[in-house]
Amino acid sequence: MIRDRVLGHAAPLEGATLLDVGAGDGLIGLAALERVGPNGTVIFSDVSEALLAHSEQRADSLGLSDRARFVHTAAEDLAAIPDASVDVVTTRSVLIYVAEKSQAFAAFARVLRPGGRLSLFEPINRLVFPEPDDRFWGYDIGAVAGLAARVRAQFTGASRDVRAMMGFDDRDLADLAVAAGFERVHVERHIDVEPGSSMNPVSFDALLDSAPNPNAPSTREAIAAALTEDEQERFLTELRSAFDEGRATRRMVGAYVAAQK
Ligand SMILES: C[S@@+](CC[C@H](N)C(=O)[O-])C[C@H]1O[C@@H](n2cnc3c(N)ncnc32)[C@H](O)[C@@H]1O
């Protein structure tokens, strides 16, 4: 699992001060709290106050909050974290939201003490999208491929968000780590293909309500904007039957970076 790999690459953790950047609801940070042990500390950082509060509640309910800190700060500067103050920086699926990735890497290097370690995972969307013509969020919609292309066009563009999510690959992550001054850098690319949709929807409605990023239109909105009513019906009928019959293939590409300052 991704969490265990990220923490595994950051080992040894016993007694460490670990900063989890973009901690979200605590997937990495809470597991890290167990692994740093009684002499370690985990700093949860995020741009979302609500998610930090949620992580704090979870740490509290596990009886671990005395060794946790919760800091509202952005990955691009980590302003609230002093220089050379942490042993380990972890982050998972956060850089995809960060336009200025070199600033985030510089901040990681700044807060790490000499010899400190960075361990991160990011999805590499550039190697997954655009999908093949006969696929839509992984669903086999070959019969309406032309309509799918028009719907898909609603999601593409040169916005800052799209560039942040799509505009880098595993080699760029290696280059960013080197440029930030990390002396040892190891990058692993993982490619997994399996049955299922990249959206992993719990229902057909959930699929229609899902969007590739928080500022993009939902799939439902994109379909309505791109197609006439007749076309919408044809497209939705095909998508629905692929959904009901489970005709879908998920292709996932992700990169792990382990680096030492
Ligand atoms: C997909 S979630 C990942 C959460 C967590 N790392 C995990 O593995 O479950 C992305 C997280 O990044 C945070 N985030 C987005 N932009 C950020 C930024 N510029 N600096 C720090 N955190 C950010 C979001 O608030 C959210 O908690």
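Glu100 is found in the loop between strand E4 and helix H4, where helices (H or I, at least four residues) and strands (E, at least two) are DSSP runs numbered from the N terminus. The model is a predicted one, in which local features need pLDDT of at least 70 and side-chain atom pairs count only at pLDDT 80 or more, while totals for chains, interfaces and linings use all residues. Residues are numbered from 1 along each chain as its sequence is written.

**The loop residue**
- Glu100 counts as partly exposed because 14 other C-beta atoms lie within 10 Å, the cut-offs being 20 or more for buried, 12 or fewer for exposed and partly exposed in between, with C-beta atoms placed from the backbone.
- The C-alpha atoms of Glu100 and Pro201, which are 101 residues apart along the chain, are separated by 30 Å.

**The sheet and its helices**
- Seven strands form an open sheet in the order E3-E2-E1-E4-E5-E9-E8, with mixed pairing, two strands being paired if DSSP finds at least two bridges between them.
- Strand E3 (68–72) and strand E8 (184–195) are the edge strands, each pairing on one side only.
- Strand E2 (residues 41–46) pairs with E3 in the parallel sense over five bridges, and Phe44 stands opposite Phe70 in E3.
- Helix H4 (residues 101–111) packs on the sheet, touching strand E1 (17–21), E4 and E5, and its direction makes about 145 degrees with that of E5; contact requires C-beta atoms, placed from the backbone, within 7 Å, and angles run from 0 to 180 degrees between N-to-C directions of axes, which are lines fitted to C-alpha atoms, for helices over the stretch in contact.

**Buried helix faces**
- In helix H9 (residues 219–226), the residues Thr219, Ala222, Ile223 and Ala226 are buried.
- These residues lie on the same side of H9 because they cover an arc of only 100 degrees around the axis, the arc being that of the directions from the helix axis to the C-beta atoms.
- Helix H5 (145–153), helix H8 (204–209) and helix H10 (229–245) are among what covers the buried residues of H9.
- In H5 the buried residues are Leu147, Ala148 and Val151.
- What covers the buried residues of H5 includes strand E6 (135–136), H9 and H10.

**Around the ligand**
- The ligand is surrounded by 18 residues, of which the closest are Gly22, Gly24, Leu27, Ala75 and Arg92, a residue being near if its C-beta atom, placed from the backbone, lies within 6 Å of the molecule.

Key. Contact = placed C-beta atoms within 7 Å.
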